[in-house]
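Me: Could you walk me through this one? I'm new to it, and I'd like to take it a question at a time.

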Amino acid sequence: MATIYPNSHFNAETSAKELRDAMKGLGTNEDEIIKVLVSHDNRQRQEISSKYKQLFGRELDDDLKSELGGHFEAAIIALMTPTFLFLARELKRAMKGAGTDESVLIDILATKSNADVKTIKATYQTEFNRSLEDDIRSDTEGNFQHMLVSLCNAAREENPKVDAGLAKKDAQDILGAGEKHWGTEESVFNLVLCTRSFPQLRATFEAYRDTSGFGIVDTIKRETSGSLQEGYLAIVNYVWDSNYYYAESLYNTIKGAGTNDDALIRLIVTRSEIDLKHVASAFLKTYGKHLQDFVKEDCGGEYRKLLLAVIGNN
């Protein structure tokens with residue numbers, strides 16, 4: 001269940017004027033900006049942005065950037081950016097400069113439908129005039145690269161029906177490629193995890209436990225390491241329960257010293273119109289604490305107000 005819905009009383013001109021009033025003159029009314037943006041979904045925000053330009057001859061994003069700063073600005077711009085463009089920019093950011101943020105590549109590519117991946121790839125090509133797959137190849141290597149390229153090709157089966165015979169065969173193949181094999185044949189894991197449908201994978205994981213006596217998570221932890229392990233586990237955990245997958249992802253952005261604000265913003269903003277309410281419930285069940293309370297403890301000021309509004313305290 002989402003936390004942000006289309007506004008049933010939507011009026012782009014009224015909202016555009018409210019945003020202009022919040023930013024003109026001395027000082028900025030951040031509460032008004034939060035109220036307007038969180039009370040509309042992404043499609044409506046794009047219409048508000050267009051109307052703002054028509055009425056005032058100004059770019060809404062530019063005005064927001066000039067008035068705001070820090071993580072608050074980043075979260076506001078995330079809300080204002082079309083979702084697939086935002087994800088394409090996140091992928092580019094993850095591969096920009098020295099080093100690669102593998103966790104961003106995994107989180108975006110391992111959890112999306114074929115249609116979503118294809119849209120992200122097309123958006124990436126349009127925005128940067130570059131191929132997402134080519135950039136992945138130049139920034140990653142080895143079996144981790146193979147996994148990402150497979151995911152980037154959006155070839156996951158989408159038949160909702162489960163083939164029990166195939167599930168047993170895949171379970172046997174994984175067992176033969178891992179626990180019963182000297183070394184690990186990652187190509188077998190890759191084929192199954194990156195191309196089978198999510199319902200089929202659930203059946204395969206159950207068959208694997210019945211066949212081997214091991215959980216698939218334990219096997220992946222024993223047979224792989226590093227970013228490849230992280231990627232495989234992301235697929236498995238998402239398949240088992242997407243709400244708990246995102247709850248754990250949110251927890252990992254906040255726990256320990258410092259907060260991964262880029263990831264926190266991406267997760268909260270992109271799930272807000274899909275399932276953030278369910279994710280927050282899973283967070284409470286898993287960690288015994290409300291997601292809102294974690295945000296209150298780790299974030300401050302207008303940034304905290306915005307995140308809490310998106311999560312649901314609006």
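Me: Is Ala154 buried or exposed?
Reply: Burial here goes by relative accessible area: under 20% is buried, over 50% is exposed, and anything in between is partly exposed (1.4 Å probe, protein chains only). Ala154 comes out at 9% relative accessibility, so the label is buried.

Me: Before we go on, what sort of model is this?
Reply: Residues are numbered from 1 along each chain as its sequence is written, and side-chain values use heavy atoms, with hydrogens and water left out. Local features need pLDDT of at least 70, side-chain atom pairs count only at pLDDT 80 or more, and totals for chains, interfaces and linings use all residues, since this model is predicted.

Me: What is the phi of Ala154?
Reply: Most residues other than glycine have a negative phi. Helices here are DSSP runs of H or I with at least four residues, numbered from the N terminus. The phi of Ala154 is positive, near 50 degrees.

Me: And Asn129, buried or exposed?
Reply: Asn129 also has a positive phi, about 55 degrees, without being a glycine. You'll find Asn129 in the loop between α8 (114–128) and α9 (132–139). With a relative accessible area of 63%, Asn129 is exposed.

Me: Which helices do the buried residues of α20 pack against?
Reply: Helix α20 covers residues 301–311, and its buried residues include Tyr303, Leu306 and Val310. After α20 comes Gly312, with a positive phi near 145 degrees. The packing partners are α2 (30–38), α5 (70–80), α17 (261–271), α18 (276–287) and α19 (291–298).

Me: How many disulfides does a search of the whole structure find?
Reply: A disulfide needs a pair of cysteine sulfur atoms within 2.5 Å. Cys152 is buried at 0% relative accessibility, and Cys194 is buried at 2%. The closest cysteine sulfur to that of Cys152 is in Cys194, 11 Å away, so the gap is too far for a bond. The number of disulfides found is 0.

Conventions. Helices (H or I, at least four residues) and strands (E, at least two) are DSSP runs, numbered from the N terminus. Contact means heavy atoms within 4.5 Å.
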